[in-house]
Each structure stands twice: as structure tokens, then as C-alpha cells.
Amino acid sequence: MMWLSWKLFLFLSLTGCLSEYSEAVPGLPTSYAAILRIKSGSSSLASFNSKSRPRLGSPSSGSISSPGWRGAAQHYHSPTNPYHFSEAFKHDESVDYGPVFVQEPDDVIFPTDSEEKKVSLNCQARGNPTPTYRWLRNGTEIDIGSDYRFSLIEGSLIINNPSEMKDSGQYQCLTTNMFGSILSREAVLQFAYLGNFSGRTRSAVSVREGQGVVLMCSPPLHSPGVMGEYEPKIEVHFPYTVTAARGSTVKMECFALGNPVPTISWRKVNGHNPSKARLRKSQAVLEIPNVQLEDAGVYECKAENSRGRNVFRGQLQVYTYPQWVEKLNDTQLDSGDQLRWECKATGKPRPTYHWLKNGVPLWPQTRIEMVNGVLMIRSVNVSDAGMYQCLAENKYGTIYASAELKILASAPTFPPNQMKKTIIITKGQEVVIECKPQASPKPTITWKKGDKALRESKRVTILPHGSLRIVNASKSDEGRYLCQGVNVFGSAEIIASLSVKEPTRIELTPKKIELTVGESIVLSCKALHDSTLDVTFYWTLNGQPIDFEKEGGHFESIKAQASSADLMIRNILLMHAGRYGCRVQTAADTVSDETELLVRGPPGPPGVVIVEEITDNTATLSWSPGADNHSPIFLYNLQARSPFSLGWQTVKTVPDVITGDMESAMAVELNPWVEYEFRVVATNKIGTGDPSAPSRVIRTNEAVPKTPPANVSGRSGRRHELVIAWEPVSEEFQSGEGFGYIVAFRPNGTRGWKEKMVTSSDASKFIYRDESVPPLTPFEVKVGVYNNKGDGPFSPIVVICSAEGEPTAAPIDVKATSLSVSEILVAWKHIKESLGRPQGFEIGYWKDMEQEEAAEKVKTEGNESSILLTGLEGNTLYHLTVRAYNAAGYGPPSAAVRAATKKSPPSQAPSNIMWIQDGSHVSLGWEPVRPLANESDVMGYKVLFRQEGQSNSQVIETQKTSAVVLLPDVGVYIIEVCAVSEGGDGTASPQIRVPSFSGGKVTSAQSTLHVFSTSSSSVTLLLALMVPSTSW
């Protein structure tokens, strides 16, 4: 790269031949640039451009271009190497095992101007017991307690206020538990800073158009002047040797001076340029992405112009990081066994291998050999246990694999399931009495029967792993057996008792059954067995256990006696056919028997339906027969479905009856140009089966339509119009594309037809307009159909009259009467002799201060001659018009009339209500209501009363401020009083609750005066008065 010389050359072509090579550094003036330096002892920026130190981590895809350095410390992560973990990684935390890395430290580059004044080197391991951590710097252990800047958080090393002089170097994490230690890969901590170019102002440089100029970056010692033509000179070029990791992106650059401006070309000397190679920056940079071993070789860049040429050659070397081919697995061995571990890795250059035990290098010894990645330890002992690591290393990186070695040394022990058990078998069986003690080293096994040593024979043998096998057992083999295991650490024994019984036999009836769907059957299973053994019965269907709870009540297990069981199968279905098994199980043996159940039922669905031939109204179909379910098929039924049918419908066929031996038929009387699906249903003596799967959707051919429109009639229209309407023909009967209608009509009594084409298949109306046609002129009309295949039939002729037109006369005698604060009654008359019979009337109304265009409108229907307008504003003048309408349109409006709504009813409620109750009579009195200026005058009062719990009130009207109310029934009554005015009823008084004692005689002494006041200064009085029983 150009930066290797620490000088940046910029060749400017004023004719725009070369692109700009520099970018402004953020935060600095655009006339300056910046150079990145590593303060530690790196020889050149080329080494600084590697993303991670070659010895560490796995290979990663990268570029030789410089990374960004602004901001916090940069961590360069390699993909986690799966081989750093044991293949048999323990997830059971109850098992003890040595440490295994979960995360290892990565290289860190710390900018000295970073705002975050600390560095974190991450390390995490798993193990049981939990591992502890220590850290090494440049191979020496760090005393974390002696420097306040260091702290340890869950294995990770934190360095506060890092210093280049004190802290730069190579770091490793060492983690330890009782099984040993493992050492992480190396992580390098480097310090870097980003300097600025000098801010000194440079003197101006003049150049003639078309000539070149060289600006030295530091700055150059050069006088301004015109440069003549000269041959190319390669000023900046890639190194003589370029090394790159496989999979990374390589960029090789050549920059040449010359006049005329030289052109640069590239070639691979010992072969062809890689096809993936790309030329960048006016061919000055050769970029090879995802570089592979075959891309290595000598590359040449050549700069040429009319004055000559210049060539530079350099070699590209491609290396690969080590990668595991074969890794280690955790191993446990008996004391005295031999260990052989092998780790294999690929890489270029070929990696070498080293071994660590508990994080410390392992060296060859008398029992230990290490050759080409193979570790062998002969006659292992407890001292060999621990954590082992294999390191595969080449000059570009190191990878680690770890595994744990456990050495077993223990006296024999037996698992609980082998201790003191009783074994029951039947005569003639084979039995194996297990004897597998856990011990290290492997114990010696001996057997006894009773108190005597066991003698082996053809029937009785001791297996290689120590268990005892007895074949063709008999009564003589019964007894007590003892197995003993012995090694140098001790001994253990187990005892087993063997009993030999008579074999069990079974009888299952009936043996073969044929039934029809819906019938029931009972299967009986009887066992003949040793009387000392209990038996258990199990039922199976086609080898699978019958789930009695999930079979819908079809199966029931019945155990009549201790040695027999029955299976009841109710309402048998086709799916219940098959092999039924009865299995009898005792403590000594298991026997079973089967019977075959055949079920006759309706046929299964026929095979795929194929449409062999299609016409406009027929379809020839074929199919394959389905299962007859043990009853011959004697009839097939052909069904069809279209978008217009209600589900599947049986279609007519040729032949009419499709017998069971046929596999094809023709569907007839189909509609043309309709999409159909077909299916076939089979029938036998048992019944009709399920239908076949539908055929593919197919459309019948086009044909001339045969169905004319129905219900041809007339409709209302404007004057001089003939409106002809009909029911559109359904798409099902249009028979093809291009469907439309032919409308034919003539005045009644004439000969020639006038025909009009309506091209829309959805059309349902045609309007013919002729100014010479008087209203209500009779016409003969018929409507036909056509499509692309031709013309179809016409509908029957009907007589239709031309339109009468919209109403011609305005309503007369329009009157508007105000009824209340929100209601106006509008009435009118219609001139019956006028043309255009109305279908109803439209009333428009608007306020006095509004324009007629803002009028609100309401409509009546039929021959109504009045309407009550509601919801109007009180004390407001309205203008009103009325006009007739029909289907042809609106007639002229009447002259506007005016009416004002009443003033609002009084807002004040009757107050100071007093009442005297005398039995069922209640005498009421109240103060008069005085309306406000904008409220209607009081015309009288209403007394509303109802029995509590009911909604309908009875009303007494009076012009006085008193009234007598008769309460006819026993109970509590609710009484209210309100004023009556032109504007409607005013606000009601508060409710009065009065009990009624109808039927009893009330004396004057029982009369009571009540006063209900709504004013704040009044009180309620209860007076005992001696008054007559009549109202006051």
C-alpha cells in the first residue's frame, strides 16, 4: 500500500483522468489528512492492518485495508472454535468435571484518546466444581491484589486507566478446579493514536491545463513549473511478498507518475488472473475477494504511456489458519489401561502440535509418548488424571482442543436392581442371571449354587461379562445362586433365587369371523396356567394395544373368570377389520393367539375420475373401481358440481344405469360453457360408499344460447321514453363468450321490428327515446339473446307503454300550521288531471335567515296529503315548499308558505305543592307558573299520576291551580304536576308519593295536610286538621 512509505502521493489530472485518492478525516478541515500510527514497535502499517494477531483465534474473512480507529477500544473477535469444547459436554451439573472454556479473550486495540478509561479482557469457563481464574501477562502471572487498577469480574480481567508502558503485551487466562487447569489462547493488548497533519498553509501551485503535477504530502521540496513528457515511474507499489489468510480480501496497489498519464494493467505471471478479481481506482488496485490457495503466485503490474513502460512484480502467498479435523473427547479409563488420544488439524503451513496438562507443557517420559498429534500414556494411574489440551500451531495462528482424563480405581459394587431378586421362568425357557459389578480394575467373577461352586455344562455357562446363562430350563435348575466379584480393592456379591413353572397355554375363539358393518361379536380368550401364578389379559388389533377409552364405545373388555376374558365389539365399522390378538401374561411367561375378523361394508371410493372427451353438453368419463369391501359393486352413480349448482347433483348418463362392471360412462344434458367437476359413487348390497375424489375442473364447449330472458316488462321513465326491462340470463345459460341481448320493439299495430343490440351480459334494461312518441303509447316488445356462436331465441311478445314522464303540476292549497315548539303540520292538494302520476311528495323547509338552497328535505310515499315536521327549533319562522316526484323525476315546487314554531314551554315547574289525603281522594294545590318572556303563556295544568312500578300515567287537565285525584286501587301512587302551553308541556314538579287506602271509610280526623315546597326557605308541615272530607 502507499502508506508503507509514510508519504501520500496525489497525482492530479486537470483533465479528470484520475479519481481522487483521499478522503477528509471527520472533524478536521478538508484541506488536511491524517495518518494512523501504532505506537508499539510494529515495523510498518502493513502489519498493523491485520485484524487480529496471526497466532490467535480461528481464521476470519477480512481485508488488508485499515480498520476504523475512532472511539472505544476495538475488539477483534474470531468465530468461537467449537473444538475448544468437549464433544461430550456435560449438561448434568451433578457430575464433576474439569474446566471447559465458554469464552476466551480476544485481541484488543485501545485508542489512547478513548473516553472509556478501561479495558476488558473476557474469559469464562464451565466446570464442576466451579473453576477459579488467574491471568498471565507476557507469560508472568498478574498479582491482581497489588495494583488497584486491576479487577476480576467472573473471570474477566478489567484494567482501569490502562497505560501503554505498563499494560501492553500478550495476555492469557488460566482457569483451574480440582481436576486440573487449562490455558486460554493469547490475546494481544495494543495502544494506538490518530495524529494530524501539519496545519501549516501551503503555497499555491500553478499548472498548465493538460499537464501533471506532484504534491508531496510532507510537503515536497519542489518548485512550481511545467513538466515535460516522461516515461512512467511506479512510485508506490504493493510489497514484494504479500501474505493473506484464505477467505480474506487482498488488495494490491500500483501508483505511477508519468506524462502522458500512464495506464496500469495487471497479470498473474504463472497463470491467469482469478475470474473473481476486480480492478479499482482507475485500475491502480487489484482486488481479489475470498482469496484461495490456487490464487497464490507472482503478480505483475505494468504502467505504460507513449514514452515507455515500467513493471513491478511481487508474490502473493496464501496461508490458512489451523483447523481441526480430529479432536479430543473426554475419556475415563481403568487404572492400568492405555490412553491413546489423537488430534489432527489442517493448515498452511502445516501445523505442529504441543500438549498441555492442567495448563502446563507436557513432555515425553517413560510412559508418555507424543508423536505428530498422538498422545499415548501406557499403564495409566491416578496421577495421570486431569485436564489435557492439544495445541495445533502454525506461524499464523494457534487453536486449542481440551478433554478430561478420569482414572477409575474402586472395589466391586452392584447396582440396586441386581441385589437379591427372585426370577420366575417356565420349563424349556432360557434365562440370564445378571452379574455386572462396577469396579476398576475389572473384577474376577465366580458363581455358586447353594453352597457349592457352580459347574458349567452345555446348558449352564458363564458369559464373558460375568452373567450366568441357563438354556432349556428344568425343575432341577431351581435354587439359590450367588455371584461374587473380586479385584485388588475388595469384593462384593449378589444372590438370586430361580423358580421354574409349567408353561401357560391359550385358547382364542372363534378363529375366523365374517361380519357386516353394524353387527356385534364377542371374542373369548381362555388361559391354562400354573395355579400358583396370576394371569393378566391384553387385547390387540393388528399388533397394537386397543385403547378402550378412545374407541368410541365400540370395544369393551369383559373378564368373566380368573382364567378367561371376553372382548365385546359393538356396531362394527370397516376400520375394525383385522387381526385380533389375545395376550396372556404371568410372572413367568407371556403367550398370545390371534383370530381374523373380516368386515363387509359399502364400497370404498372409486379411483381418480378422468375426463376423456368434452362437448358443449356431454362429458365422457372413466374411473378405476375402489374396494368392494367384500361385497360386489352392482351400481355406479355419476355426480357433477358447477359454480351454479347447490352442491353435488346426480346427472343423466348414457347408459342410464351404470353397472358395477363398467368403468366409463357419458354425462349428458350439461350446459354449454360451464365449468364442471365430476365424481363417482359406488353401491353394493350393503349400501352406498363414499364418493371418489373430484375430477379436474373442465369447461364444456361453447354453443348458441337457448334460454331467452324472462319477465320482459316496462318501467317508469321520462317523457318520450320507452323503458324495457327483463331478468338477465344467468351465466349458467349464456353458453359462451360475447353474450348479449337483442331488444326488438314496434308500435302496436305496425309490421316492421326495430332491433337494438345490448352488449353487456349483466344488462337488465334498455331505454329508447323518441321525441315524437306521445306518453303511454303501446309497443310490442320482445328480447332475444346472442353470443359468439350465433343468435338465440326471443322471449314471448309483450305490450309495453311509453313513459308517462315526471309530474307536470305543482301541489296546490299548501298550508303550514304550527302545533308546538318543535312541530309544524304541512298539508296540500294534488291536481289529478295533470300528467305524470306522483309516487310521493318532497317537502323542503328552511329558516327565515337561510337560503332555499340550504333547505332540509323529507319525503312521503303514495298519496299522502300531509306530513308532521318534527325536531324543529322553537320560536322560529320557517319557509316551506312541496313538490311531487316519481321514477322519472321531480315536478315543479309549490309557492313557499311560512309558519313559526311556538315559544318554548315554561321552564319553571309548579312549586309549593300542598295536598290533603282523604282515603282514596287526594286534593292538590300549587302556586301558578309564571313563564319567562321567551316562553309560551300558561294555558292550564296537567296532573299525572300512576301506581308505583307502572309506566303509563293517567292525566287530569285543569285550568286552575288545584285538582282532586281519585286513587282507585290500594298501593303507592306517584303524582306530578306540569304547566300546559302552546309550546307544549312545561317542566314537571318533583314527584309526590302518596299511599292509597281505597275501600276504607275515612273520617275527618284522619285527614292530613302535606306541604311540599321547592323553595329554600320553606319547611314541611304535618298538621292535623279538622276539615270536611270533601275537596277544598
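In this predicted model, Leu574 is found in the loop that runs between strand S49 (564–569) and strand S50 (578–585). Leu574 has a relative accessibility of 35% and therefore counts as partly exposed. Together with Val517 and Ile686, Leu574 forms a nonpolar patch on the surface, with about 190 Å² of accessible area together.

**Nonpolar core**
- The largest nonpolar core has 24 residues, and those with the most contacts inside it are Trp539, Ile569, Tyr580 and Val584.
- Among the strands that each supply at least two residues of this core are strand S46 (536–541), S49 and S50.
- Strand S45 gives the most to this core, namely four residues.

**Disulfides**
- A disulfide is a covalent bond between the sulfur atoms of two cysteines.
- The model has five disulfides, and, with the bonded cysteines numbered in sequence order, the pairing is 1-2, 3-4, 5-6, 7-8, 9-10.
- The sulfur atoms of Cys123 and Cys173 are 2.2 Å apart in their disulfide.
- Cys123 lies in the loop between strand S6 (118–121) and strand S7 (124–128) and Cys173 in strand S12, so this pair ties together parts that are 50 residues apart in sequence.
- Cys254 and Cys301 form a disulfide with sulfur atoms 1.9 Å apart; the torsion about its S-S bond is about -70°, so the disulfide is left-handed.
- Cys435 and Cys483 are also joined by a disulfide, and both cysteines are buried.

**Accessibility of two further cysteines**
- Cys801, at 40% relative accessibility, counts as partly exposed, whereas Cys978, at 5%, counts as buried.

Methods:
Residues are numbered from 1 along each chain as its sequence is written. This is a predicted model: local features need pLDDT of at least 70, side-chain atom pairs count only at pLDDT 80 or more; totals for chains, interfaces and linings use all residues. Side-chain values use heavy atoms; hydrogens and water are left out. Patches are made of residues with over 30% relative accessible area and no salt bridge: like charges are joined within 9 Å, nonpolar side chains (Val, Leu, Ile, Met, Phe, Trp, Tyr) within 5 Å. Accessible areas come from the Shrake-Rupley method with a 1.4 Å probe; for residues, only the protein chains shown count as cover. A salt bridge is a side-chain nitrogen of Lys or Arg within 4 Å of a carboxyl oxygen of Asp or Glu. Buried means under 20% relative accessible area, exposed over 50%, partly exposed in between (1.4 Å probe, protein chains only). A nonpolar core is a set of buried Ala, Val, Leu, Ile, Met, Phe, Trp, Tyr and Cys residues joined through side-chain atoms within 4.5 Å. A disulfide is a pair of cysteine sulfur atoms within 2.5 Å.
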